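Here is a chain worth a slow look, element by element. Have the viewer open while you read.

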Amino acid sequence: MEPTAITINGTPESAAAAPIQEPQRQQYYMEKARKQLSAFSAALGRPLTCCINTFGCQMNARDSEKLLGILESIGYKATDSEHADFVLYNTCTVRENANQRVYGRLGQLGAYKKKNPHMMIALCGCMMQEPEVVERIKTSYHFVDLIFGTHNIFKLAELVSTCLDTRQGKKHRTVIDIWKDTDKIVEDLPVERKYPFKSGVNIIFGCNNFCSYCIVPYVRGRERSRRPEEILKEVKRLAADGVVEIMLLGQNVNSYGKNLEEPMTFAQLLREVEKIDGIERIRFMTSHPKDLSDELIEVMSQSKKICRHLHLPLQSGSSRILKEMNRRYTKEQYLTLAEKIKAAVPGISLTTDIIVGFPGETEEDFLETMDVVRRVEFDSAFTFIYSKRTGTPAASMENQVPEDVVRERFDRLLNEVQSISAKICGRDVHTVQQVLVEEENDHTPGYMTGRLSNNTVVHFPGDPSMIGTLMDVYLEESKGFYYMARPV
């Protein structure tokens, strides 16, 4: 028998006593949920556990840190096991196969819940912004307790509390709270960082670009920038907590500030972030080539803290295909931009994204992409085979490229990228460089692993006391995509 679903629109009557303003409203629900879970925990005779499984990009990873912060604040203890009391999938929907992975995992989770009916299962993220996905879950995965999207992750405590309220009845009901869009940004809620020494910092949400192959604007909404004073307050708080490296995050960081009451450019924000004591490294992702300004290049060239790494998605080297993709730059403009960046920031690492087999791509178009790869000499590239993404203009385009042709082109591109990367990534060998020590080496006892400013991985002898520190190492040998080094 199919369960009933509660779709939350606005404020439920039962929430009449809760504050209307944020974040006070969520603080009220965090306290309420804490009491509810305390009683639940006492009944089970043990602490309650939670597990968040994150699919997708750095934005999702940062969202998961916020979600975990809320769950821990209301009484859950984090675990890596999906045999937990509360399991949350933070989903990605950039490619169709990402959806299938979630459905497969969800089926396994449902089998476990049959034996553990007290368990709660929640789904959030980009995939949940698609109405057909929510309908499928309601129909085929009756055991899911909670579904919410990308715009209201700050409401997790309130939604968990609502789920716990529904459990007082005899019939299982799925709580659903999906917002089509929002202009709301809620500050000052708990965050549980994965690393004590580095952290992501959201600066802008959403995307206005509508690339023809991309679902992101439809599931993440329109661009909305955080106020600079809130960003700077967060960065100062992170610095005081021992963070030395931050990554400023957004679907397009170069669009930052356009919708603020007092507009501020991304370059101006970077200048302010650089002034904060304690922060030694600044990264950012992602930059759209059409919006990367001369002002930003100048700031990068002058900065002592901005890392020598820029991820600059190309997608295609063909101006004709770029127009079909709605990227709003040409091959020549991209090449000029890359040349300008390399001249201003010597030794910078340029990385990129490339799609092979976009509808209508000819062999000549593909060779244009290969030409850009050879001329720019990217340190690395994330290469993707185009796959139809339902809901995007490209999915209905004619002249879809045959699979065997796409695969052959993809292999040629990958070989070229790897050949160039192996050569370029060794350019700093036999020099002393600063590395941020991140973790113990997985394969070699007594060795640590860290990253250079240009994001290249380095392995060197050391011990766990080094984690989170910046130290000088001598790069003894290049292994193509990483270095072997020794501390200086």
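This is a predicted model: local features need pLDDT of at least 70, side-chain atom pairs count only at pLDDT 80 or more; totals for chains, interfaces and linings use all residues.

Residues are numbered from 1 along each chain as its sequence is written, and side-chain values use heavy atoms, with hydrogens and water left out.

**Layout**

The chain is split into domain 1 (23-177), domain 2 (198-425) and domain 3 (431-487), with bounds that come from an automatic or database domain assignment. Taken over C-alpha atoms, the centres of domain 1 and domain 3 sit 37 Å apart.

The UniProt record, an unreviewed entry, carries the annotation "domain: MTTase N-terminal" over residues 48-165. UniProt positions are given in the numbering used here, feature names are shortened, and annotations may be inferred rather than shown by experiment. In the model, that span is 47% helix and 19% strand, and its end C-alpha atoms lie 17 Å apart. Helices (H or I, at least four residues) and strands (E, at least two) are DSSP runs, numbered from the N terminus.

Let's start with strand 4, residues 86-91: 6 of its 6 residues are buried. Buried here means under 20% relative accessible area, exposed means over 50%, and partly exposed is in between (1.4 Å probe, protein chains only). In a regular strand the side chains alternate between the two faces of the sheet. On strand 4, Phe-86, Leu-88 and Asn-90 take one side and Val-87, Tyr-89 and Thr-91 the other, and both faces are covered.

Which strands pair with strand 4? Strand 2 (residues 49-54) runs parallel to strand 4 and is joined to it by 5 bridges, and Ile-52 stands opposite Leu-88. Strand 5 (residues 120-125) also pairs with strand 4 in the parallel sense, over 6 bridges; there, Tyr-89 has Leu-123 as its bridge partner. Two strands count as paired if DSSP finds at least two bridges between them.

**Helix 2**

Helix 2 (residues 58-73) has 16 residues and reaches 23 Å from first C-alpha to last, close to the 22 Å expected at 1.5 Å a residue. That expected span is 1.5 Å times one less than the number of residues. Its buried residues include Met-59, Asn-60, Arg-62, Asp-63, Leu-67 and Leu-71. Just after helix 2, Gly-75 takes a positive phi of about 125 degrees.

Most residues other than glycine have a negative phi, and most peptide bonds are trans. Here are some spots that go the other way.

| Site | Feature | Value |
|---|---|---|
| Glu-22 to Pro-23 | cis peptide bond | omega about 5 degrees |
| Met-285 to Thr-286 | cis peptide bond | omega near 5 degrees |
| Gln-315 | positive phi | near 75 degrees |
| Asn-399 | positive phi | about 60 degrees |

Where do these sit? Pro-23 is in the loop between strand 1 (4-7) and helix 1 (24-44), and Thr-286 is in the loop between strand 12 (281-285) and helix 9 (294-302). Gln-315 is in the loop between strand 13 (309-311) and helix 10 (319-324), and Asn-399 in the one between strand 15 (380-385) and helix 13 (403-424).

Is Gln-315 buried or exposed? Gln-315 counts as buried because its relative accessibility is 7%. Asn-399, with a relative accessible area of 60%, is exposed.

**Polar side chains**

Ser-255, in the loop between strand 11 (245-249) and helix 8 (266-274), is buried because its relative accessible area is 3%. Its side chain makes a polar contact of 3.3 Å with that of Glu-223. A polar contact is a pair of N or O atoms within 3.5 Å; within protein, one must be able to donate a hydrogen and the other to accept it, and residues adjacent in sequence count only if both atoms are side-chain atoms.

Gln-433, in strand 16 (residues 432-440), counts as buried at 18% relative accessibility, and its side chain has a polar contact of 3.1 Å with that of Thr-431. Glu-229, back in helix 7 (residues 228-240), is partly exposed at 44%.
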